Amino acid sequence: MTEAIVHHPTDETLAAFASGTLDQARGLVVLMHLSLCAACSRKVGRFEAIGGELLEQAASVSMEPGALRNVLRLIEDNPSAPETRLNEPLDHYQLGPWRWVGPGVRQRSVSVPEVSNIKVFMLKAAPGTRLPHHRHDGYEWTCVLEGAFEHQFGRYGPGDFDEADETMEHKPTVCAGDPCVCIVALEGNIVLQSRLGRILQPLFRL
Ligand SMILES: [Zn+2]
């Protein structure tokens, strides 16, 4: 049984994805959501259909060519079960080993070339883990792959997409049950708010 996806990328984000103007890092996190969310995939398809001209005008097209087309084709081939393809977008990337970065938290790198100070990694956190209270220098886009976390804006389970920017402060807690595995595109640095967080900061290497 899969839980219903509650949190989706904004239409602006889906349109940017469709027009190829998202950087590869954020594009991959959106792609992970699309591989789970037929509704957003259809929206992207519509944006793409009306956005052909936009694509030609786009100043930078850094998303892997054909990635969207491949996902859309897969969804067309099998519209009822997008969740079976969850990890497929990651097949194109090398994943580093899981490294301990703090109590109950592990991190692994995803080999997306770092552009404009945006990097991609996966996080795995044990149930009940309270991640340090933090705010952002820039974007932090997250797609949940397994398990769930919650913060003041709700509960985020598999497929849910969390689009945070520098105006938001976060205090996520991993929900009971399974470990929470996420893929994250992070711009700039995370600024930890607590004294313990500042002590842990070097461990996160963020
Ligand atoms: Zn969606």
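Q: What makes His8, His33, Cys37 and Cys40 the protein donors of the zinc ion?
A: Distance. Donors are N, O and S atoms within 2.8 Å of the metal (3.2 Å for Na, K and Ca); water is not among the atoms, so sites may look incomplete. His8 (ND1), His33 (NE2), Cys37 (SG) and Cys40 (SG) lie 2.0 to 2.3 Å from the zinc ion. They therefore count as donors. This is a predicted model, in which local features need pLDDT of at least 70 and side-chain atom pairs count only at pLDDT 80 or more, while totals for chains, interfaces and linings use all residues. Residues are numbered from 1 along each chain as its sequence is written, and side-chain values use heavy atoms, without hydrogens and water.

Q: Why is the arrangement around the zinc ion called tetrahedral?
A: Four donors count as tetrahedral if all angles lie between 85 and 135 degrees. Here the 4 donor atoms subtend 103 to 113 degrees, so the arrangement is tetrahedral. The ideal angle for four tetrahedral donors is 109.5 degrees.

Q: Why is Cys37 called buried, and why is His8 called partly exposed?
A: Buried means under 20% relative accessible area, exposed over 50%, partly exposed in between (1.4 Å probe, protein chains only). Cys37 has 5%, so Cys37 is buried. His8 has 33%, so His8 is partly exposed.

Q: How do you know that the buried residues of α3 are on the same side?
A: The buried residues are Ala38, Cys40, Ser41 and Val44. They cover an arc of only 160 degrees around the axis, which puts them on the same side of α3. The arc is that of the directions from the helix axis to the C-beta atoms. The face turned away carries the exposed Arg42, Arg46, Ala49 and Ile50.

Definitions and conventions:
Helix = DSSP H or I, 4+ residues; strand = E, 2+ residues; numbered from the N terminus. Tetrahedral: all angles 85-135°; square planar, octahedral: opposite > 155°, others 65-115°.
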